[in-house]
Amino acid sequence: MKNILTNLFNKKNRGRTLSFIIVILAYAGIEILTHSVRVSRLFTSLLVPTCCYIVLALSLNLVVGFSGELSLGHAGFMAIGAFTAVCVSGLIGSVIVNDILRLIISIIAGCVVSGIFGLIISVPVLKLSGDYLAIVTLAFGQIIKSLINNIFFGYDANGLQFSFVNNSLELQNGKMLLSGPMGATDTAKISNFTAGIILILITLYVIYSLIDSKYGRTIMAARDNRIAAESIGVNISKTKTLAFVISASLAGAAGALYALNYSTLQPSKFDFNTSILVLVYVVFGGLGNINGTMISTTVLYILPELLRSLRDYRMLIYAVVLIVVMQVTNSARVRELVNRISSKVFKKREVRL
Amino acid sequence: MTFLTYLISGLALGSVYAIIALGYTMVYGIAKMLNFAHGDIIMVGGYAAFFAFSKFGMPAPVCILAAIIICTILGVIIERLAYKPLRQASSLSVLITAIGVSYFLQNGAQLLFGSDTKIFPVMLTDGSLKLFGGQLVISYLTLITIATCLLIMVGLTLFINKTKIGKAMRACAEDKGAAQLMGINIDTTISITFAIGSGLAAIAAILLCSTYPSLSPTLGSMPGIKAFTAAVFGGIGSIPGALLGGLLLGVIENLTKAYISTQLSDAIVFTVLIVVLLIKPTGLLGKKENVKV
């Protein structure tokens, strides 16, 4: 027992253990709060989306932070996961009545399909670098949004019906699953907060396992110095593909959970701004910093909602916060000040000892 | 004849993209940053011209001048306040700051001017040229747009290659440290780059709003993304590349809208972009940089 504990809190595993503890404590705290006090509807409505965005930001951090590639189209993977899940959930709705089982199957479907797209997009990813790669991911996000905007998909007694660009479906007593720009309508809301927390825990497990493995080290080696990594025999294409596919699958899972939390969802939700929003969470939390990403996502996602009373000014304040934080964290004067304060605090502790 | 009409209107749209792309490409070439707020400067230019024309009743040339001056000043202020302190910071920090500036401009405009769509007045001309006995109708606006774009390209190329400031800009793009040692004031050079880019954005704004006469706070974001794509398409950092990329993007977009599908035009444009980058990873006219160990 003592062995396990020391193992959990030794230097190598401390960060990982801390992440799990933060998530579980947050879950316990929120569950107690929602069951004991009357919380506002706004608060409960924010729980699942926050979980989704945390998973999304963690998955993007894998690409931007650990693999060192700028991706501007992460919402595309989220969209693929979301609409796959909606379709799967709608199709199996009559066969599998259990909501939890249906949710799990839908999320896995979203995850797999999104991962396949991640594999496709990793072909240009391997050939390009820097800003050219960023623009390809941006283009990818736009293409996905534009395609989903044109898909009409449904089923009736005659089986599955599909049409592209122009809606030519005439369903007899059937159900539309995707209706072009209208997106998914009348989806069964089967997501819940517990599922969100479990998805975060799974994501944390996947990411930590990857980072601590041989592949994780090669991914970071390739980020820090591509040529040096290649010269000692690291297969760059393989490591980068791996990071991209895992990131895409996790984003797909997040999208699936997100979609099943709303009865209607439009493809326009997953536009360039959403990709940028998630990127902001990642950069705010710190590249490659997992706990930081989780905290920054929670704060930055909830902040505009808390500022709702300020109405029109809230996005303006949000913008100012973004600019000011970037200025402050990059200012030499502030850094010096922080160093001085931390060294003073450190000294005091030493004296006490 | 219809093909020619679509081609010419595509060239006009492409000219607007090219003018915006110039702002992206110059800033990228010299400051090595993606200025995501560039699209929103277009929006500010549109509103400036709108208010000067409709509310204050100024003549068109004065309105255009006012829009250019306002955008230029705004561009320089943004650079000084938001980007200059981050010269040494990581490119992602600068990117996030640019996104912050973009949000700020969009939401500021929404507060000041309201989120409703305003109709942009006919400022330049609404006449058109009829050729081949009325079979081919080209609006004067289309011609003005294409001519303006070509004029700007020639002017800018001469400016960069012949003047002292242009030389300083090229030196900064090549190697900032070495340029500084040669006595070039880097801050001034970067400010001038932002000023030129923003001034061009104002011109693009007036051309864009005259062609598609609706004005809203999010007006600049889609043309901004498209022009950014055009800049990368042609090879970012290259001025002829911006022209080529812009024109090609405009023509492809218009022809797909006309012959394939309006809804799918975005998907097709971006697919072409990805294919081009797969074949030529640094864009059509981009320079390939060899990494030395």
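This is a predicted model: local features need pLDDT of at least 70, side-chain atom pairs count only at pLDDT 80 or more; totals for chains, interfaces and linings use all residues.
Chain B contains 11 helices and 4 strands. The radius of gyration of this chain is 19 Å, close to the 19 Å that the globule rule gives for 293 residues, so chain B is as compact as a globular protein of that length. Its C-alpha trace spans about 60 × 50 × 35 Å along the principal axes, and buried residues account for 50% of the 293 residues. Of the contacts in chain B that link residues at least 6 apart in sequence, 75% are between residues at least 24 apart.

Within this chain, B:Val101 is placed in helix α4, which covers residues 91-113 of chain B. Because 24 C-beta neighbours lie inside 10 Å, where 20 or more are required, B:Val101 counts as buried. When neighbours within four places in sequence are left aside, the contacts of B:Val101 are with B:Ala37, B:Ile78 and B:Ala82, and also with A:Ile323 of the other chain. In the case of B:Ala82, which is 19 residues away along the chain, the C-alpha atom is separated from that of B:Val101 by 7.8 Å.

Helix α13(A) itself is formed by the 17 residues 314-330 and reaches 24 Å from its first C-alpha to its last, which is close to the 24 Å expected at 1.5 Å a residue.

Elsewhere in chain A, 3 strands form an open sheet with antiparallel pairing, arranged in the order β2-β1-β3. The edge strands, each of which pairs on one side only, are β2 (159-164) and β3 (175-179) of chain A, and the twist from one strand to the next averages 15°. Strand β1, made up of residues 151-156 of chain A, pairs with β2(A) in the antiparallel sense over 6 bridges, and A:Gly154 stands opposite A:Gln161 in β2(A). Helix α4 of chain A, comprising residues 74-92, lies across β1 and β3 of chain A and runs at about 175° to β3(A).

Methods
Residues are numbered from 1 along each chain as its sequence is written. Chains are lettered from A and ligands numbered from 1 in the order in which they are written. Helices (H or I, at least four residues) and strands (E, at least two) are DSSP runs, numbered from the N terminus. A residue is buried if 20 or more other C-beta atoms lie within 10 Å of its own, exposed if 12 or fewer, and partly exposed in between; C-beta atoms are placed from the backbone. Two residues are in contact if their C-beta atoms, placed from the backbone, lie within 7 Å. The expected span of a helix is 1.5 Å times one less than its number of residues. Two strands pair if DSSP finds at least two bridges between them. Axes are lines fitted to C-alpha atoms, for helices over the stretch in contact, and angles run from 0 to 180 degrees between N-to-C directions. The radius of gyration is taken over C-alpha atoms; the globule rule is 2.2 Å times the number of residues to the power 0.38.
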